[in-house]
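Please look through the structure shown below before reading on.

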Amino acid sequence: MGSVLLGAALLVTLVALLVVLLRRPHGLQTSTIKAPTEEELAALHGEADGVRAQAKADAQGILHKAQSDAQSARAEIDEEAKAVKEDLRTIREDLERRETRLAEREQRLDDELRRLAERTDRLSTVERGLDDREAELAKLGDERRQVLERAAGLTMEQAKGELVTAIENQAKREAVLLTREIEGKAREEGDKRARKIVTLAIQRVASEQTAESVVSVLHLPSDEMKGRIIGREGRNIRAFESTTGVNLIIDDTPEAVLLSCFDPVRREVGRLTLDKLVLDGRIHPQRIEEIYERSKSEVEDLCVRAGEDALVDLGITEMHPELIALLGQLRYRTSYGQNVLKHLIESAHLAGIMAAELRLPMSLVKRCTLLHDIGKALTHEVEGSHALIGAEIARRYGEEDDVVHAIEAHHNEVEVRTVEAVLTQAADAISGSRPGARRESLEAYVKRLERLEEIAKSKHEGVDKVFAMQAGREIRVMVKPDLVDDIQAQVIARDIAKQVEDELTYPGQIRVTVVRESRATEFAR
């Protein structure tokens, strides 16, 4: 680096000297060249020394900067080399650890392979012994079979078939007899006990039933009021329907209008709003909104009061306020013509009586039964089964797991696991199936009976006649005795009952009776 700089300085000196020489004046005559004088040479040497000194100073600066840059680069290279060495050391240590683990794992695998080889050798020895024993047993079995075949006059397959048939028939008969005996005893004892409990519960509970629809009728003082309700160009009736969400039907019915809405609570708010507007006489959009808010608050208070009355009637002290409000809303809901809130109260009383007879906690059973249809308050707002919706609501508002399970299992959508859930199902069925409690349309009734007969006819080719009796509470199946035996008759009855449970929805229970009648006919001549 230093020699290069020195050479550069000398080159600069020579260039400077040449420039000085070129700057000197010269004459036009080329024949003679005048030699420089000593003063001129001294001046030239002085200029050359100045140029040389400047070049040397420049060279020293360049050399110093180059050395500084070289030191910085060397420091950076040293740092990078140090970092690379550290990374290499870390990688080397990691590789060493991995090699150690691989060596240990390889050693364990070698040990395991050795043990497996030893076990395979032992198994091979045992297998050879078993093969020899099996061959010996087969030989003895063949000899024994030949002796038995000669003694019985039957081949092995024939004897096996006869033996299997005889054992199968005997087992079927004994199983049927034992099943009938056990079922008879259990049914007799269970029916006796259940009949007593249910009879006592039904005798001690009696509640009125109401039938409602999706339409409410409001009577007016005069037909003149219909025009005021409609308003100029129908603005009042439009404001009423948009505010309340209830359809207002004004027809030729004298002194009456109809309010239609699928939500019974909303319909009741609309009915109360219109009733107050008619009594007040001032009907305009602003007044409609004021009366609607007042009526809505009033109906909410009525719902809460109805829920609290139900709790007082059943002796239940604590419940989440939201659940109480939802219970109160059920006073405006009906199921097959049966008021849902009254159905819940009646079912809770029935379940409480049965729980007392069985010495179970009455308060818990009543709570389960009172809340089992709570999901019906939201079925028009939330998609899904009211049982599962009600269970989710109860779980959200802090009800016990037994209560939640009884709600979600009361229609067998979840497998029943507790006694409280069974009593809830029983009380629900008693309240809904007793005469006059519920109603259904004639079309649905006829379709249900037709489907019952179709299910029974499709079960077996030996089915002769099918009758749906007692308003669909019993299916009587007549079978051909030459095609169906007693055991098959029981199988047909169970299959029909199972398919009815899976496909149809009905209150209470349906009895399936299979009749197999044998007749002997002779003629006297």
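What follows describes salt bridges and then nonpolar cores.

The model is predicted, and local features need pLDDT of at least 70, side-chain atom pairs count only at pLDDT 80 or more, while totals for chains, interfaces and linings use all residues. Residues are numbered from 1 along each chain as its sequence is written, and side-chain values use heavy atoms, with hydrogens and water left out.

**Salt bridges**

Side chains of opposite charge can pair when their charged atoms come close. A salt bridge is taken here as a side-chain nitrogen of Lys or Arg within 4 Å of a carboxyl oxygen of Asp or Glu, and a search of the whole structure finds 23 salt bridges.

| Glu86 | Arg89 | 2.1 Å |

Arg89 and Glu86 both belong to helix α2, which covers residues 38–152, and they are 3 residues apart, about one turn of the helix. Helices (H or I, at least four residues) are DSSP runs, numbered from the N terminus. Glu112 and Arg115 also both lie in helix α2, 3 residues apart, or about one turn of the helix.

For accessibility, buried means under 20% relative accessible area, exposed means over 50%, and partly exposed lies in between (1.4 Å probe, protein chains only). By these cut-offs Arg89 is partly exposed at 36%, and Glu86 is partly exposed at 37%. Glu112, with 35%, is partly exposed, as is Arg115 with 42%.

Asp280 is partly exposed, with a relative accessible area of 32%, whereas Arg287 counts as buried at 12%. Salt bridges that share partners join Asp280, Arg282, Arg287 and Glu290 into one network.

**Nonpolar cores**

A nonpolar core is a set of buried Ala, Val, Leu, Ile, Met, Phe, Trp, Tyr and Cys residues joined through side-chain atoms within 4.5 Å. The largest one has 32 residues, and those touching the most other members are Leu311, Met319, Leu327, Leu330, Leu370, Leu371 and Ile374. Elements giving two or more residues to this core include α7 (285–314), α8 (321–329) and α9 (340–357), and α9 gives the most, with 5 residues.

Leaving aside neighbours within four places in sequence, Met319 is in contact (heavy atoms within 4.5 Å) with Leu311, Ile324, Leu327, Arg367, Leu370, Leu371 and Glu399.
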